[in-house]
Amino acid sequence: MTVHSFQEHFDKKIDDEVMIEPRDWMPDDYRKTLIRQISQHAHSEIVGMLPEGNWITRAPSLRRKAVLLAKVQDEGGHGLYLYSAAETLGISRDEMLDQLHTGKAKYSSIFNYPSLTWADMGAIGWLVDGAAIMNQVPLCRTSYGPYARAMVRVCKEESFHQRQGFEIMLTLSNGTEVQKKMAQDALNRWWWPSIMMFGPPDADSPHTAQSMRWRIKRFTNDELRQKFIDVTVEQAKLIGLTVPDPDLKWNDATGHYDYGAINWDEFWNVVKGNGPCNKERLEARKKAWEDGAWVRDAALAYSKKRKARKENNKTLAA
């Protein structure tokens, strides 16, 4: 088959909603786009452990500690699934992590904001994981098989994370005046970064159009952002909190909420590495990688020793 024939076969599979698998022929740009998206998704999962990890020992009860610990552990697992999915495209995990540590690869800008109070654990679960679910559920039908299958479990676990966060915010909003103010303050600080999570406006997104054609993405950034706002504003009303957007109002004509201007200068500044916690987050990941070198070396040495023992046993048996 010629490259043209391979391309036609690939295009037909995309059009027919047949998943692309690792051994299938695929265009180089499709492979590169998937590696970029999946690896950045994986990086976001493991960097996302950091804002919550420092609250595990400070959670207000044993129950809260156990739930938060389980959640952070889940995020590490999500990173594992996604790195594994990306490896099926021909990139090694070491290479992906090197790209993260050198700043070549990005992760979600939301994780470069500080978690200042316990209420932030609620806001992160409710808003950040809520936005993640809105973005990730359609990825269960993405065109690349390993990515789609990994997302099924990720989304199931993220739904628990979102409910855990909402339950924290509900409890605080029904608590003392100080607790209510704490919940409102967390919402004020996390609202705008959360709606930036969906990426730049469609007109300014360099990858959206092609990803939609390849069915890697099923909805545009702006479509997902609007859906998230419509759902979350109603949830905020339910627990008596106010979304910090004076321009927010329901539009009967469109059937959606109109919302205020997003500060995209802030978004791009954080993406470029100038957010409140960019350096801190990256240094923490580098340190974890360096501190864990002995574990990786030990595991590799054990694997080699076990393989050599098996080969030796085969020789003796022969």
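Biologist: Is Arg 93 buried or exposed, or partly exposed?
Modeller: Arg 93 is partly exposed because its relative accessible area is 25%. Buried means under 20% relative accessible area, exposed means over 50%, and partly exposed is in between, with a 1.4 Å probe and protein chains only.

Biologist: What kind of model is this?
Modeller: It's a predicted model, where local features need pLDDT of at least 70, side-chain atom pairs count only at pLDDT 80 or more, and totals for chains, interfaces and linings use all residues. Residues are numbered from 1 along each chain as its sequence is written, and side-chain values use heavy atoms, leaving out hydrogens and water.

Biologist: Back to Arg 93, which residue does it form a salt bridge with?
Modeller: With Glu 87, and the closest N and O atoms are 2.9 Å apart. A salt bridge here is a side-chain nitrogen of Lys or Arg within 4 Å of a carboxyl oxygen of Asp or Glu. Glu 87 is partly exposed, at 31% relative accessibility.

Biologist: How many salt bridges does the structure hold?
Modeller: There are 19 salt bridges.

Biologist: What does Glu 17 pair with?
Modeller: Glu 17 forms a salt bridge with Arg 215, with 3.0 Å between the closest N and O atoms. Glu 17 lies in the loop between helix H1 (3-15) and helix H2 (28-47), and Arg 215 in the loop between helix H9 (208-213) and helix H10 (221-238), so the pair ties together parts 198 residues apart in sequence. Helices are DSSP runs (H or I, at least four residues), as are strands (E, at least two), numbered from the N terminus.

Biologist: And Asp 120, what's its partner?
Modeller: Arg 189, with the closest N and O atoms 2.6 Å apart. Asp 120 sits in helix H6 (residues 119-136) and Arg 189 in helix H8 (residues 177-196), so they tie together parts 69 residues apart in sequence.

Biologist: Is Asp 120 buried or exposed?
Modeller: Buried, at 0% relative accessibility, while Arg 189 is partly exposed at 24%.

Biologist: Which residues do shared partners join into one network?
Modeller: Asp 15, Glu 17, Arg 215 and Arg 218, through their salt bridges.

Biologist: New topic: which residues gather in a patch of positive charge?
Modeller: Lys 305, Arg 306, Arg 309, Lys 310 and Lys 314, on the surface. Patch residues have over 30% relative accessible area and no salt bridge, with like charges joined within 9 Å and nonpolar side chains (Val, Leu, Ile, Met, Phe, Trp, Tyr) within 5 Å.

Biologist: Where is Lys 310 found?
Modeller: In helix H13 (residues 293-317), and Lys 310 is partly exposed with a relative accessible area of 49%.

Technical notes. Accessible areas come from the Shrake-Rupley method with a 1.4 Å probe; for residues, only the protein chains shown count as cover. Lys and Arg count as positive and Asp and Glu as negative; His and the chain ends are not counted. The place of a charge is taken as NZ of Lys, CZ of Arg, CG of Asp or CD of Glu.
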